[in-house]
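I opened my notebook next to the model and looked up a few spots. Here is what I wrote down, in the order I went.

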Amino acid sequence: MVHLSDLLLMNKSAQQKFFNKSKHQYAPRHIADPPIHTLLELKALTDALKRIPKQSVVVDFGAGSGRVTVPLLQKRYSVLSIDVSDQSLKKLQQIAQELKLHKPSIAKALPEKKTFPATASSGATRARFCPPA
């Protein structure tokens with residue numbers, strides 16, 4: 001079993017290799033039908049995002065297969081999903097398509113010299129909202 005602290009010590013290539021395996025991605029069934037603790041995290045996140053215009057782009061760092069991105073898309077936010085794993089991002093786009101949602105923009109890194117009104121990320125314990133400074 002790999003712990004979060006181990007992942008943080010991995011270099012980018014090792015992280016890509018790890019998260020390109022389906023068994024290390026967030027289960028699609030939990031994205032479509034989140035457990036209660038995830039619903040509570042997402043409610044807190046979307047409540048915080050009410051402070052920005054809906055047409056704003058929210059950046060989801062470590063988007064993976066869509067644990068945070070998909071609920072944001074369901075709430076009609078535009079999302080830029082960033083992740084090191086090509087397979088996770090492909091799965092995210094497949095899930096969005098299966099749920100008939102607008103496909104998120106995807107990237108492996110944050111575009112240079114561009115600002116965004118909000119960023120979101122899912123950690124081991126909770127989703128976070130970071131408003132602009």
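I began with Ser22, which is partly exposed, with a relative accessible area of 48%. My scale: buried is under 20% relative accessible area, exposed is over 50%, and partly exposed lies in between, with a 1.4 Å probe and protein chains only. A reminder to myself: this is a predicted model, where local features need pLDDT of at least 70, side-chain atom pairs count only at pLDDT 80 or more, and totals for chains, interfaces and linings use all residues. Residues are numbered from 1 along each chain as its sequence is written, and side-chain values use heavy atoms, leaving out hydrogens and water.

Ser22 sits in the loop between helix H2 (12-19) and helix H3 (28-32). Helices (H or I, at least four residues) and strands (E, at least two) are DSSP runs, numbered from the N terminus. I then found that Ser22 and Lys91 lie 69 residues apart in sequence and 9.0 Å apart in space, C-alpha to C-alpha.

Lys91 took me to helix H6 (residues 86-98), where the buried residues include Lys91, Leu89, Leu92 and Ile95. What do the buried residues of H6 pack against? I noted H2, H3, H5, S2 and strand S3 (105-107), with contact meaning heavy atoms within 4.5 Å. Just after H6, Lys100 has a positive phi of about 60 degrees.

Last, the strands: S1 (residues 57-61) and S2 (residues 78-82) run parallel, joined by 5 bridges; pairing takes at least two bridges found by DSSP. Within this pair, Val58 stands opposite Val79 in S2.
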